[in-house]
Amino acid sequence: KRLILIGPPGSGKGTQSPMIKDEYCLCHLATGDMLRAAVAAKTPLGVKAKEAMDKGELVSDELVVGIIDEAMKKPSCRKGFVLDGFPRTVGQAQMLDEMLEKQGVKIDKVLDFAIDDVILEERITGRWIHAASGRSYHTKFAPPKVPGIDDVTEEPLIQRKDDTVAVLRSRLEAFHKQTKPVIDYYWKKGIVAKLHAEKSPKEVKDEVQKFRPNAH
Ligand code: AP5
Ligand code: ZN
Ligand code: ZN
């Protein structure tokens, strides 16, 4: 199965995708996580991406398509994948279609994490992440066992530099202007499933499972 998760910042994509990945052994590609790793490592890609990310703007299609193209070559991504945070522009969606066409495969489902903007500020400002894995927690909605510490590795949690009220505003603007049209693009293909992303993590998980890919 090939799945795409689309939704605004804080809608729960990163929270649900490890579950999808673990349960169905799909390859999980999150462009935000890959870009943050590149920024932290100060690679040429990271240096180019940092300015846009800090401002809450989108990184150029060329850079992002390049990392996805590279990552999809992994053997584990041949049978299926879950894309979190990509594609985010109609241009990216078209480039992805071209890439998949060459392999003779198609996207099965696009999960639309539909949610009202007003809910997102509290989710974003309360988020703490484990940088190496991308695992996210929330001080109120999904607290770690020990405050400030990752449950799995016991390493310290950090807050993302773009998780401020001001940067959230431009991330939301980018979502509405550039990413909403991507949802329309897939609606026309008849493969979008709309989720109630404002519900609890457990309830959203149950909705996601209705679109379960066949485990292998
Ligand atoms: P990216 O990392 O993709 O960030 P984003 O899209 O803004 O999404 P978030 O990670 O903020 O939200 P999420 O839906 O994963 O929320 P989460 O599950 O963690 O991108 C970052 C930047 O990279 C972009 O701004 C851009 O610059 C660049 N970029 C990335 N991809 C790009 C692309 N394709 N093209 C161009 N540029 C790109 O949940 C949030 C919080 O809420 C957590 O604390 C969580 O615990 C909590 N929570 C989750 N679900 C629930 C629930 N149901 N109820 C209550 N709390 C919940
Ligand atoms: Zn995320
Ligand atoms: Zn709803």
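Residues are numbered from 1 along each chain as its sequence is written, and chains are lettered from A and ligands numbered from 1 in the order in which they are written. Because the model is predicted, local features need pLDDT of at least 70 and side-chain atom pairs count only at pLDDT 80 or more, while totals for chains, interfaces and linings use all residues.

**Sheet**

Helices (H or I, at least four residues) and strands (E, at least two) are DSSP runs, numbered from the N terminus. Two strands count as paired if DSSP finds at least two bridges between them. An open sheet is formed by 5 strands in the order 2-3-1-4-7, with parallel pairing. Strand 2 (27-30) and strand 7 (192-196) are at the edges and have a single partner strand each, so one side of each lacks a neighbour in the sheet. On average, neighbouring strands of this sheet are turned by 20 degrees against each other, direction ignored; the axes are lines fitted to C-alpha atoms, and angles run from 0 to 180 degrees between N-to-C directions.

| Strand pair | Bridges | A residue and its partner |
|---|---|---|
| Strand 1 (residues 2-6) and strand 3 (residues 81-84) | 4 bridges | L3 and V82 |
| Strand 4 and strand 7 | 5 bridges | D112 and K194 |

**Core**

A nonpolar core is a set of buried Ala, Val, Leu, Ile, Met, Phe, Trp, Tyr and Cys residues joined through C-beta atoms within 7 Å. Buried means that 20 or more other C-beta atoms lie within 10 Å of a residue's own, exposed that 12 or fewer do, and partly exposed covers the range in between; C-beta atoms are placed from the backbone. The largest such core has 36 residues, and L5, V82, L83, L111 and F113 have the most contacts inside it. Strand 1 gives the most to this core, with 4 residues. Leaving out residues up to four places away in sequence, F113 touches L5, I6, G7, S11, G12, K13, L195 and A197, a contact being a pair of C-beta atoms, placed from the backbone, within 7 Å.

**Helix 5**

Helix 5 (residues 90-103) has 14 residues, which at 1.5 Å a residue should span 20 Å; the end C-alpha atoms are 20 Å apart, in agreement. The expected span is 1.5 Å times one less than the number of residues. Q92, A93 and L96 of helix 5 are buried. They cover an arc of only 100 degrees around the axis, which puts them on the same side of helix 5; the arc is that of the directions from the helix axis to the C-beta atoms. Helix 4 (61-71) and helix 7 (165-187) are included in what covers these buried residues. The face turned away from the buried side carries the exposed residues E98, E101 and K102. G104 follows helix 5 and has a positive phi, near 70 degrees.

**Two single residues**

R36 is in helix 2 (residues 31-40) and is buried, with 21 other C-beta atoms within 10 Å. S76 lies in the loop between helix 4 and strand 3 and counts as exposed, with 11 C-beta neighbours inside 10 Å. The C-alpha atoms of R36 and A49, 13 residues apart along the chain, are separated by 8.8 Å. For S76 and P156, 80 residues apart along the chain, the C-alpha separation is 29 Å.

Methods: Two residues are in contact if their C-beta atoms, placed from the backbone, lie within 7 Å.
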